[in-house]
Amino acid sequence: KMSVPDYMQCAEDHQTLLVVVQPIGIVPEESFFRIYKRISAVSQVNVRDSQRVLYIRYRHHYPPENNEWGDFQTHRKVVGLITITECSSAKEWPQTFEKFHLQKEMYGSTLYDSRLFVFGLQGEIAEQPRTDVAFYPSYNECETVEKRIEDFIESLFIVLESKRLDRATDKSGDKIPLLCVPFEKKDFVGLDTDSRHYKKRCQGRMRKHVGDLCLQAGMLQDSLVHYHMAVELLRSVNDFLWLGAALEGLCSASVIYHYPGGTGGKVGSRRAQGGSLSAEAGNRHRPGKDGSALTSNGINADTSAEIGRAKNCLSPEDIIEKYKEAISYYGKYKNAGVIELEACVKAVRVLAMQKRSMEASEFLQNAVYINLRQLSEEEKIQRYSILSELYERIGFHRKSAFFKRIAAMQCAAPSIPEPGWRACYKLLLETLPGYSLSLDPQDFSKGTHRGWAAVQMRLLHELVYASRRMGNPALCVRHLSFLLQTMLDFLSDQEKKDVTQSLESYTAKCPGTMEVITLPDGLKLPPVPFTKLPIVKSVKLLNLPTSLRPHKMKSLLGQNVSTKSPFIYSPIIAHSRGEERNKKI
């Protein structure tokens, strides 16, 4: 049973050859990935003397059980192995070369060719010319790595082409072997191999397999013809699992035709590594380029006449219908959960290109409920993160934030010996836009409140908790202050009490400041002034203390002011004298 899904899969991966790059012995991680990066940059190669292009998919880890599904879909088969090792003396060489052979045995029968890159060994052994081993004095002196990889890919092409020609040729009289997936083998023991039903099944599966090989060999139109024929044969014998695979092959070839730029987007655009498509490569997407190749390969002339007709290629609408049909067939088999899940993801990427968001969400919803074996915490984080990213691509921002938050919680699951609180905090921050939440208090001073306050409060509490577990009390204070200032209208009395008590306990260790806090990834958290606190509910005038109360002065008129006042002249005296003068007049 294939147990490890590749969430980065795209429809165009079906045309790639899978090459695994692995270290042997002790190789420093930094050195390995420096060479791996250079190797994986050679992701497309123009085949000499032809207009065909080979696309390569590199992996530095690939579960051997997934390799067993290589007959079902050939892009899952490890056809190339490149190993990187360090060897400093001739004495170590025999043991190093033995390890290389053991590594090859892991992928066994599926390998077309392999290479060993040896760093550090100089002298007689290193000077002997060999095709399967390349010697380099050091990681800094290895200019020919890319050229070696191109030659290696050409050798893979030669084997691929011979297999394609061998299997595409109709050898009448020869029995066509029955290709199987691992869990089917026990079901076919004792079957009547001479029955018409069995023969049709063998023919249908082999046609589908040849379609895969044509697609990998850069013969898009040929692959479409084989897939169509496989669909007819497999449908007639109700071979549902392989019918699903033939339909998915049709979808993949049609996607490659309609979307030569790829459907991976920022999540997994592998074409970007190999630069832009050359004019030669672009030509292979035009109908009728490979028509002449078919009849010489022993395929009936009536099928070759169909090459170049657009009817072999599905329309963008039909691609989705056929994906739905294929997924419904995969769903009949418990052991094909990974195949079903990956097909859903591929269909979503195509629908995202077509801007058909509602349909894409249905495929994603199906992907959520596909039951796989018990996943590790790391696999759960990857699964939810990719679901989040795909929902983001189709414009479902809140759903995207929902799955990103689940991924964040998974980083700190109780079952993890060392919970990743930093990763949890980082993922929680990424969910904020999906919940219409900004960490700038000024955004909450304008107009009505945006988003669901209850969810936003929960998220802010989670940021506070993650900050505390990261050992950053200053962040706790900032997030709690923000919660109190912006969510005050939505907090119950008990919640207000709880938040203020928490804030009091945190500020006792780390007082709040009006400085901007800058996080490691550059995000800035502005200060939070309490403009809503304290809350004024009613106003009542109170008496001033006695010492501050105003006193009414007695009138000084009519008194002999001159004796009472220290002033020679005062406005009051002037006023009283003026009145006396008026009376006399």
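**Helix 16 and its two partners**

Helix 16 (residues 377-393) packs against helix 17 (residues 397-411) at about 165°, axes 8 Å apart. That makes the pair roughly antiparallel (the label for angles over 145 degrees). This is a predicted model, where local features need pLDDT of at least 70 and side-chain atom pairs count only at 80 or more, while totals for chains, interfaces and linings use all residues. Numbering starts from 1 along each chain as its sequence is written, and side-chain values use heavy atoms, with hydrogens and water left out.

**Helix 16 with helix 17**
- The crossing here is left-handed, meaning the near helix is turned anticlockwise from the far one by less than a right angle.
- On the helix 16 side, the contact residues (heavy atoms within 4.5 Å) include Y384, L387 and Y391, and those they meet in helix 17 include F403, I406 and A407.
- By class, the contact splits into eight nonpolar, five polar and five charged residues.

**Helix 14 with helix 16**
- Helix 14 (residues 337-353) comes within 10 Å of helix 16, axis to axis, and the two cross at roughly 25°.
- They are therefore roughly parallel (angles under 35 degrees), and this crossing is left-handed.
- L341, V345, V348, R349 and A352 of helix 14 touch R383, L390 and R393 of helix 16.
- That contact has five nonpolar, no polar and three charged residues.

- Mean pLDDT (the predictor's confidence in each residue, from 0 to 100) is 84, and 85% of residues reach 70 or more.
- Over residues 266-309 the pLDDT is below 50, and this stretch has 96 contacts beyond near neighbours in sequence.

Key: Axes fitted to C-alpha atoms, helices over the stretch in contact; angles between N-to-C directions. Helix = DSSP H or I, 4+ residues; strand = E, 2+ residues; numbered from the N terminus. Parallel < 35°, antiparallel > 145°, perpendicular 65-115°, else oblique. Nonpolar A, V, L, I, M, F, W, Y, C, P; charged D, E, K, R; others polar.
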